[in-house]
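Hello,

I am passing on the structure we talked about, and I hope you enjoy looking through it. Please have it open beside this email as you read.

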Amino acid sequence: MDKAYLDLALSEMKWLLSIPSPSGFTMEISEKLVARLKEMGFEPRQSLKGAVTALLGGEGRPLVLAAHVDTLGAMVRAIKPNGRLKVAHVGGLNLNAVEGENCLVHTRGGQCYTGVFQTVHPSTHVYADARALERSEENMEVVLDEDVHTQEETRALSVCAGDFVSFDPRTVFTPSGYIKSRHLDDKAGAGILLALARMVKDGALALNRKVYILFTTYEEVGHGAASALPEDAQEVISVDMGCVGEDLTGDETMACICAGDSRGPSDYQVTGALVDTARRLNLRHAVDVYRSYVSDADVALTSGHEVRHGAVGPGVFASHAYERTHISGIENTLALLAGYVS
């Protein structure tokens, strides 16, 4: 594979990571994806829920490669008497993992304020329970970087319940090839699909079947691919993260194939074809079962779509926390998908 397409996958991923997009607040990223695909020469369609679909080309056995661009985040739940903000988490946010994290509060009036997410007793010099305090929504708050000390002063900034809170992704590319960032789940997968689209448009990849790419916007809250699937779809592969951890054989350098998850087995033939492709191309890959995992492909099935389904993605360590993958994992996953559709 031409290294230029790996570099493109990485740059597109970095671009996507820079755009705040917690589930329910994906208008900007959805519109930018439409513009990006039009620049490439495709004719994307945007659903009422903001999902973006583009036909790459090909004939027969229609396949949908789906990645999600929504992320974990939070919403303002209430303004406290001291002017600080209570939040409700969006998606499976691990509150321990965002303690002390810089964040943005996006108001419905279009203002954007910086802040930090802390416990209500953050200082060990002041509070005896600073270390032991349970990290729960009741014990954590957004402290705005504004001179506000009362509920009325914060309201005067046009901040209100229902405003979205996004967390700094803190994206870092290390000299050793590791990529550390929040929201690699699933902007790594989305970047890979944009690179795949460019390969097709450049003529570097000839398709052996009809292929769509789909970017969903509600995966983290459970209904991403419930709609917006092309009517003729026969197969859906979720291009999401591969889990890394105890009892699993995958790591950050691999393309990780999900043979089964919390909803049950992936389609046997789809999984087998992915494994055969990885072996034929001599790619670093793993096949694992993810017991606490649900993908867009699962949601498509449970919503009544009659499709075969599978899931694959680069290995991601510390998922739903401060995540880590590796350039090799991106490369192996892009090569696997390219081999699968060519």
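How many nonpolar, polar and charged residues does the lining of the largest pocket have, by class? The lining has nine nonpolar, seven polar and nine charged residues. In that count, Ala, Val, Leu, Ile, Met, Phe, Trp, Tyr, Cys and Pro are nonpolar, Asp, Glu, Lys and Arg are charged, and the others, Gly among them, are polar.

A word on the model before the rest. This is a predicted model in which local features need pLDDT of at least 70 and side-chain atom pairs count only at pLDDT 80 or more, while totals for chains, interfaces and linings use all residues. Residues are numbered from 1 along each chain as its sequence is written, and side-chain values use heavy atoms, with hydrogens and water left out.

**Pockets**

The largest pocket has a volume of about 520 Å³. It has 25 lining residues, and M241, C243, S292, Y293 and V294 are the closest to its centre. Strand 17 (285-290) and helix 6 (296-302) are the elements that give two or more residues to this lining. Helices (H or I, at least four residues) and strands (E, at least two) are DSSP runs, numbered from the N terminus.

As for the terms, the search uses a 1 Å grid over the protein atoms alone. A pocket is an open set of points with protein on both sides within 12 Å along at least five of seven lines, a cavity is a set of points where a 1.4 Å probe fits but cannot get out, and lining residues have an atom within 4 Å of a point. Grid points are joined across faces, edges and corners, and a volume is the space filled by probe spheres set on the points.

The second largest pocket has a volume of about 330 Å³. Among its 15 lining residues, R45, T53, A228, L229 and P230 lie nearest the centre. Strand 2 (52-57) and strand 1 (45-46) each supply at least two lining residues, and strand 2 gives the most, with three. By class, this lining divides into eight nonpolar, four polar and three charged residues.

**Cavities**

Two cavities of 30 Å³ or more turn up in the whole structure. The largest holds about 100 Å³ of space, and its lining includes R182, H183, D185, E220 and H320. Five of the lining residues are nonpolar, two are polar and four are charged.

The second largest cavity holds about 30 Å³ of space. D261, G264, S266, S295, D298, H309, G310 and A311 line it, and strand 18 gives the most to that lining, with three residues.

**Strand 18 and its partners**

Strand 18 (residues 308-316) is worth a look for its pairing too. Eight of its nine residues are buried, where buried means under 20% relative accessible area, exposed over 50%, and partly exposed in between (1.4 Å probe, protein chains only). Strand 18 pairs in the parallel sense with strand 13 (residues 235-239) over five bridges; two strands pair if DSSP finds at least two bridges between them. V239 has V312 as its bridge partner in strand 18. Strand 14 (residues 242-243) also runs parallel to strand 18, joined by two bridges, with G242 partnered by G315. Strand 15 (residues 255-261), by contrast, runs antiparallel to strand 18, with four bridges, and A255 stands opposite P314.

**Cores**

In soluble globular proteins, nonpolar side chains tend to be buried together. A nonpolar core here is a set of buried Ala, Val, Leu, Ile, Met, Phe, Trp, Tyr and Cys residues joined through side-chain atoms within 4.5 Å. The largest one has 66 residues, of which L37, L65, I213, F215 and I330 touch the most other members. Helix 4 (residues 184-202) provides the largest share of this core, eleven residues. Apart from it lies another core of 21 residues, including V76, C103, V105 and V165.

Leaving aside neighbours within four places in sequence, I213 is in contact (heavy atoms within 4.5 Å) with L37, V52, T53, A54, L56, L65, L193 and A197.

**One glycine**

Finally, G58 sits in the loop between strand 2 and strand 3 (63-68). Why does G58 count as partly exposed? Because its relative accessibility is 29%. Beyond neighbours within four places in sequence, G58 is in contact with L207, R209 and K210.

Best wishes
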